[in-house]
Amino acid sequence: MSGAALGLEIVFVFFLALFLLHRYGDFKKQHRLVIIATLLAWYLCFLIVFILPLDVSTTIYNRCKLAVNSSPPENNGSYVTLAPSKQKCFKPWSYIPNGIMPIFWRVVYWTSQFLTWILLPFMQSYARSGGFSITGKIKTALIENAIYYGTYLLIFGAFLIYVAVNPNFNLQWNQLQTIGIAAANTWGLFLLVLLLGYGLVEIPRSHWNGAKRGYLLMKTYFKAAKLMTEKADAEENLEDIMEEVRKVNESIKYNHPLRKCVDTILKKCPTEYQERMGRNMDDYEDFDERQNSYPSEKSLVKLHKQVIYSVQRHRRTQVQWQILLEQAFYLEDVAKNETSASRQFVHTFQSQESENKFFQYFYTPTVEWYWECLLRPWFYRVLAVVLATFSVIVVWSECTFFSTKPVLSLFAVFIQLAEKTYNYIYIEMACFLTIFFLSICVYSTVFRIRVFNYYYLASHHQTDAYSLLFSGMLFCRLTPPLCLNFLGLTHMDATISHKNTQPTAYTSIMGSMRVLSFIADGFYIYYPMLVVILCIATYFSLGTRCLNLLGFQQFMGDSEMTSDLIDEGKELIRREKRKRQRQEEGENRRREWKERYGNREDSTRSRAVHTDQKESSFSETNTNRPLSKYTRSNGRTERDRIELLQDAEPLDFNADSVNDDPLESESGR
C-alpha cells in the first residue's frame, strides 16, 4: 500500500476540482487557457488539503523510528520493535517513502505561487481585454500589470539594498527564500482570518435557518426583488451598448479598414441583435475620411470590452432568474404540502428537466413528502449543531494553540492521544476532518463573496473568466497559510510546539521562520486570536447592518426596506406563477385537441388515400376493358380538361372589358 493512498487521492481530487469547475465555468464558451489555469489552481489547492493528513501520519511514524535509534531495533515485518520497552512503531497503511513528500510539496507549492503571483493576474487582464488580436491583448495585459509587478519589485529591491548596506545582516539564499515565503503567508493569513471568522458563524447559522421554511421563502422573495432590479439594469445596459454598436455598424462601411473589428464585435452580440442590425454589407458606398468622423480603434476596443461584459451579465441574470423562480415555486409547494393529509408531495409545476428513472423509482411522492416536510428540517438542525460545535472548538484552539504546557488546543490533544497508541487511522481522520472543516469555512466564503459585478462566482456555468481566475488566485494565496495554521493548531509545527522533533515535509519546505522572529513569535501566534472578534461581529450581523446603512440592501428581518422588498418579490413570483400556469393550460388544451381530433384526422386521411387507390384501380380496369359507349364521353372530358389548362390565361384588369367565358376567347384553336 506504499504510495497507493497518495495516488488515489491525486486522482480523486482532480475529478473533484473538475466537477466544481464544470458547475461554475463554461467549457464550451470560455477560452481553454482560462479553464486549464483555473483547474490547475483549484486542483493544487484541494490537493494540499487532502494530502496533508498523510504527511502528518508519515511524520509521526518517522519520529517513532528516530526515537528507537538509541537502542538496536528488531525488524518484524511492517513495524519496528523497541527492545527495552517492547514498544511497537506500526507502519501506517498510507505510509509514503522518504524523499517523495518533500519533492511533491516543493513542486505543488512553487507551482501554486507562480500561478497566483505571475500567471493568473496576467491572464485576468488578458481575459478582460477588448483587443481584437492576441498581440493587442498581451500588450494591454502588460500595461495593466506594470504597476502591479512594479510595486513588488520596488519593495523587494529596497529590501535587498537595505540588507546589502547593513553589516548586521548576513542573509543567504535560503534565508531570502524563507523571507519571501513568510511575506506571502503573512498576506494570506491576514485574509484567511477575515474569511474564517465569517465562515465559522455563517455556515452553522445558514444550516439552522435552512430548517425554517418561512425564513427561506421570505429570503427567496427578497432575492427575487433584488435580482429583478439587477436583471432590468442588465437589460437596459445591454440596450444602450447595442445602440452604440448599431451606430458604429452603420457608420463603418464594408470597405473600411476597421470593418473586421466591427464584425468581431457583432459576433459577440446576441442573435436577435445580429439579425436586427445585420452586417451592413448591402450598401457599396465608399467611406470618405474627410466628410465623416469614424471611431478609432481604441474606442472599438473599449466598445468590444463593454459588449463582452454586458452580454455575460445579461445572460447570467436571465439564468439566475429562472433558477430563482424554480426555487420559489418549490418552497411554496413545500409550504402547501406540509398540511397535506394524503402525505403525497404534489408539485404545482412539473420539472422541466428529465429526471433519472432510477431516482424516480425510489424517490416517490411519499418519500419526498416525508423528507421535505418531516426529516429535512430535523436533519438541518442536527447538522447545524454539529457544525456549531466544530466552530467553538476551532475558536478555542485558535486562541490557545500557542500554549504547550499545558496543551489547551483541543485538536493538539486529540492528535497527541492518538500518537501515543499509534492509531494512524484515527490520526488521519482527525486531521482530515479538522482541515476539511477549516477549508469549507474559508472556501465557502470565497464562493459566496461578491465584489459588485467584478467578482462573482455564479453556478450553472454563469461565471465569467475574470472571476474564475480571481478565485484561483485567492485559493493559491489562502491555502498555504491555512495549512500552516492547521499544523499550528495540532502542534505539528516545531515553531509552535518548541520541540526539537522532526518536522513535517510541508513545514520543511517553508524554512525556519526564526529568520523573522517578530513574525514567527508575534504575528503568527496572536493575529489568529482576532477570529473571536470577527465571529462576534458576524453573529450580530454588523457587516450586514453597515452595508444596509450604505445603501446596499441586505436581508434583515427588522428592516422596513427588507419588508418592502419581500412584498415586491412576492408579487413578482405570483405574476410569474400566473404566467407559467397560463402557458401550461395552453399546452394542455393543444394536447387535448390533438388527442381528440388527431385520430379523426388520421382516419380522414386514410379514407382519402383509400379512395384514391380505388379510383386508380378503377381507371386501370377501364383501360383494360374493350371500347364501350362511355369511351367517347370520357375522352371528351379529358380533352376539355386539357383545353381548359391550355386556354387559362391571367386576366388583364387594366383592359376595357373582361370576357366572362375564357373558353370563347380567341385562343387560336
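Me: What about cysteine 399, is it buried, partly exposed or exposed?
Reply: Cysteine 399 is partly exposed, with a relative accessible area of 22%. Keep in mind as we go that this is a predicted model.

Me: And which cysteine sulfur is closest to the one in cysteine 399?
Reply: That would be the sulfur of cysteine 535, at 8.7 Å, which is too far for a bond.

Me: How many disulfides are there overall?
Reply: The count is zero disulfides. A disulfide needs two cysteine sulfur atoms within 2.5 Å.

Me: Is cysteine 373 buried or exposed?
Reply: Cysteine 373 counts as buried, at 11% relative accessibility.

Me: Switching to charges. How many salt bridges does the structure hold?
Reply: There are 13 salt bridges in the structure. One of them joins the side chains of glutamate 250 and arginine 246, at 2.8 Å from N to O.

Me: Nice. Which residue does arginine 376 meet in a salt bridge?
Reply: Arginine 376 pairs with glutamate 372, and the N to O distance is 3.0 Å. These two lie in helix H11, which covers residues 365–400, and they are four residues apart, about one turn of the helix.

Me: Is glutamate 372 buried or exposed?
Reply: Glutamate 372 is buried, with a relative accessible area of 3%.

Me: What about glutamate 571, which side chain does it meet?
Reply: Glutamate 571 forms a salt bridge with arginine 574, at 2.7 Å from N to O. They are three residues apart in helix H20 (residues 560–624), so here too the separation is about one helical turn. Glutamate 571 is partly exposed at 31% relative accessibility, and arginine 574 is partly exposed at 37%.

Me: Which residues are linked in a network of salt bridges?
Reply: Glu230, Arg316 and Arg450 are linked that way.

Me: And where is there negative charge gathered on the surface?
Reply: Look at Glu236, Glu239, Asp240 and Glu244, which gather in a patch of negative charge there. Glutamate 236 lies in helix H6, which runs over residues 213–251.

Me: New topic: the backbone. Which residues does a cis peptide bond join?
Reply: It joins lysine 405 and proline 406, with omega at about 0°. Proline 406 is in the loop between H11 and helix H12 (410–421). For context, most peptide bonds are trans.

Me: What is phi of histidine 491 like, positive or negative?
Reply: Positive: phi of histidine 491 is near 60°, in a residue other than glycine. Most residues other than glycine have a negative phi.

Me: Where is histidine 491, then?
Reply: Histidine 491 is in the loop between helix H14 (465–489) and helix H15 (494–497). It is buried, with a relative accessible area of 7%.

Me: And serine 541, what is its phi near?
Reply: Phi of serine 541 is near 55°, a positive value as well. Serine 541 sits in the loop between helix H18 (531–539) and helix H19 (542–549), and at 22% relative accessibility serine 541 counts as partly exposed.

How values were computed. Residues numbered from 1 in each chain as written. Predicted model: local features only at pLDDT ≥ 70, side-chain atom pairs only at ≥ 80, totals over all residues. Heavy atoms only, no water. Patch = residues over 30% accessible without salt bridge, like charges linked within 9 Å, V, L, I, M, F, W, Y side chains within 5 Å. Areas by Shrake-Rupley, 256 points an atom, 1.4 Å probe, with all protein chains shown as cover. Salt bridge = Lys/Arg side-chain N within 4 Å of Asp/Glu carboxyl O. Lys, Arg positive; Asp, Glu negative; His and termini not counted. Charge placed at Lys NZ, Arg CZ, Asp CG, Glu CD. Buried < 20%, exposed > 50% of the residue type's maximum accessible area, 1.4 Å probe, protein only.
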